[in-house]
Amino acid sequence: MKLPLAAGGPIIPHFSSSGCERNNQLFCWGWFKQNWAGTLWPALKQHVVLTLIAVVIGFAIAMVLALIAYRYRRAEQPLIWFTSFLYTIPSLALFELLVPVPGLGLSRTTAEVALVAYTLLILFRNILTGLRNVPEEVRDAARGMGMSRRQMLTRVELPLALPAIIAGLRIATVSTIALATIAALIVNQGLGVPILSAMSNSTGPFKTELLAAGALAVLLAIAADGLLVGAQRLMTPWVRARAA
Amino acid sequence: MPGARDNHGGQAKGNATGTGESRALELELRDVQKRYAGRREAAISDLSLTVPAGEVCVLVGPSGSGKTTAMRLINRMIQPSGGDILLGGRSVLERDTTELRREIGYVIQQIGLFPHKSVRDNIATVPKLLGWSKERIEARVEEMLKLISLDAEDVADRYPNQLSGGQRQRIGVARALAADPPLLLMDEPFGAIDPINRTYLQDAFLTLQAKVRKTVVFVTHDIDEAIKLGDRIAILREGGVLAQYATPAELLDHPADQFVAEFVGADRALKRLGLTTLAEVELVKMNGHRPAGQIAVTTNVRDALSAVLAGGGEPLTVVDGDGEVLGLATLEAIGHLFKNGDPSSMPASGPASGKHA
């Protein structure tokens, strides 16, 4: 079966389909197996790519912003306003607003710009909080032992901010996975595509496809979160270390 | 002081841990000032003092006397507004701050161990900054742990939050000493420790200092700690004015003014006795009968006085290390130390026997 486009007619297959599908029952395993390789699996992979690009770029930008705010306190409030403003724009509106921008249009870039914008507030705030929460005496000792600013940052402040940074990454990743389904409105990629096609079925939402794509997005979010939790445990062994 | 004062041109060398040499440099403050913009009173006013290489100088004073500020000027955690600070004859003001700080050990009250690094990596901090080889760092860490009497196998790979407060404080000192700095700055290092452990850590510090013989600037608000640990004590008063700079014995015998007298306390005669041992007391000759109570000649006179008083004022038999009877310690004999009304006639050997034991 060919991947249906966002603007769709009837989705439920007319021929070679089972009674389960024709009656639009809650979940048809037959349909799921038949469409896994052609529709769902590619959509899942695209979803992972959409999310990864957004979180990686968002993290890089948020890190730069947080370091600026950490060093220059006066920059903090404007940056909070800016990232909060981006965060409050309704996602549907933001996607629509970006499409007419020259060079963007109906492309993956447009989708990524919007997704990145939504990660900034959470990542920025968590990185900055993590840095600010480094105990003053630890910073004083580091400076007093002759660390340069850069050495303090890379050897002391960022490592100690890691738990807060990874906590931010977890929220940003999970919310991007959810939000990326809406990206299907502008680009024919990700788990949003089967969801949209299921909803555009002329005789009411095609439940099997809707549930399958939705469940895959939820499972992806849980898996990504689990990976980040694991990464944190590996990277911050001191957090769990307690008196023996 | 046992051999402490070998002071050749601002350099002193002692034996660090039996395996390595230890460096120390003379520290001199010349008319050092610190003023903050918008405040009329200076934080530090024309502070001048010299700490000979290998000696412990305790900065003591009430809060607001600028003792911590004075200490932090030395490694330029705070920039002086005037005057000069010389370490080994070289001005610290002309030097690159990071390079300077790597050469000065730094211990603060809250210790500031890096919670994300093992004990081993904490101690290795400055050697790593200095680019030492792995083998040299590894050997040095072992040496430092031995120096502070901690078992490397037991603690080296633990994180600071897995250790007791006293262990953490000792590791803070080991970290400060790791690159063998010629000067050690300590800001109320034992201030947050309970009294029993504090006494233990003070004794451990004296034992350690007897081995490494660093030039030390030690900040405290506790005059008893200052008397116990300092070769010299600088008493500061409000506005960072130096009230008196002297050895503990001089300070107790001849307080420069009312402020110093009050600061050292009304019991300064007793404190002074704490700096003297029974060896300095003219003991009463034995006349046949020997009191049951006996006391070692190495005991300080303050403790001896307490022991005599506890026995209802009865004399005690003073014995040396071999158990040989030297005479009797009586109230009169002890009081005789002050008899001329001039306590400076009292031998000032006390601090040595009390310290660096």
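Visitor: How far apart are the end C-alpha atoms of helix 7 of chain A?

Guide: Only 38 Å, although helix 7 (residues 149-179) of chain A has 31 residues. A straight helix would reach 45 Å at 1.5 Å a residue. The expected span is 1.5 Å times one less than the number of residues. Helices (H or I, at least four residues) and strands (E, at least two) are DSSP runs, numbered from the N terminus.

Visitor: Where does helix 7 of chain A bend?

Guide: At A:Leu162, by about 50°. A proline, A:Pro163, follows within four residues. The bend is the angle between axes fitted to the seven residues ending at a residue and the seven starting there.

Visitor: What kind of model is this?

Guide: This is a predicted model, where local features need pLDDT of at least 70, side-chain atom pairs count only at pLDDT 80 or more, and totals for chains, interfaces and linings use all residues. Residues are numbered from 1 along each chain as its sequence is written, while chains are lettered from A and ligands numbered from 1 in the order in which they are written.

Visitor: Back to chain A. Is A:Ala60 buried or exposed, and why?

Guide: A:Ala60 counts as exposed, because it has 12 C-beta neighbours inside 10 Å. The cut-offs: buried means 20 or more other C-beta atoms within 10 Å of a residue's own, exposed means 12 or fewer, and partly exposed is in between, with C-beta atoms placed from the backbone. A:Ala60 lies in helix 2 (residues 29-71) of chain A.

Visitor: And A:Ala69, buried or exposed?

Guide: Buried, because A:Ala69 has 22 C-beta neighbours inside 10 Å. A:Ala69 is also found in helix 2 of chain A.

Visitor: Which residues does A:Ala69 touch?

Guide: Leaving out residues up to four places away in sequence, A:Ala69 touches A:Ala75, A:Glu76, A:Leu79 and A:Leu128. Contact means that the C-beta atoms, placed from the backbone, lie within 7 Å.

Visitor: New topic. How many helices and strands does chain B have?

Guide: Chain B has 15 helices and 15 strands. Of its 357 residues, 44% are buried.

Visitor: What is the strand order in the open sheet of four strands?

Guide: The order is 4-3-6-7 in chain B, and the pairing is antiparallel. Strands pair if DSSP finds at least two bridges between them. Strand 4 (44-51) and strand 7 (90-91) of chain B stand at the edges. Each has a single partner strand, so one side of each is left without a neighbour in the sheet.

Visitor: How many bridges join strand 6 to strand 7 of chain B?

Guide: Two, and these strands run antiparallel. B:Leu87 has B:Arg90 as its bridge partner in strand 7 of chain B.

Visitor: Which strands does helix 1 of chain B lie across?

Guide: Helix 1 (residues 67-74) of chain B lies across strand 3 (27-34), strand 4 and strand 6 of chain B. It runs at about 65° to strand 4 of chain B. Axes here are lines fitted to C-alpha atoms, for helices over the stretch in contact, and angles run from 0 to 180 degrees between N-to-C directions.

Visitor: Now the hairpin. Which residue takes a positive phi in the hairpin of strands 11 and 12 of chain B?

Guide: B:Gly239 does, near 85°. The hairpin has three residues between its strands. Strand 11 (residues 232-237) and strand 12 (residues 241-246) of chain B pair in the antiparallel sense over five bridges. One bridge partner pair is B:Ile235 and B:Gln244.

Visitor: What pairing does the open sheet 13-14-15 of chain B have?

Guide: Mixed pairing, over three strands. Three bridges join strand 13 to strand 14 (residues 316-319) of chain B, and those two run parallel.

Visitor: Which side chains of strand 14 of chain B are buried?

Guide: B:Leu316 and B:Val318 are buried and point to one face.

Visitor: Last one. How many residues of chain B are in contact with chain A?

Guide: 19 residues of chain B, and they meet 18 residues of chain A. Helix 2 of chain B gives the largest share of the chain B side, four residues. That side divides into eight nonpolar, eight polar and three charged residues. Here Ala, Val, Leu, Ile, Met, Phe, Trp, Tyr, Cys and Pro count as nonpolar, Asp, Glu, Lys and Arg as charged, and the others, Gly among them, as polar.

Note on methods: Two residues are in contact if their C-beta atoms, placed from the backbone, lie within 7 Å.
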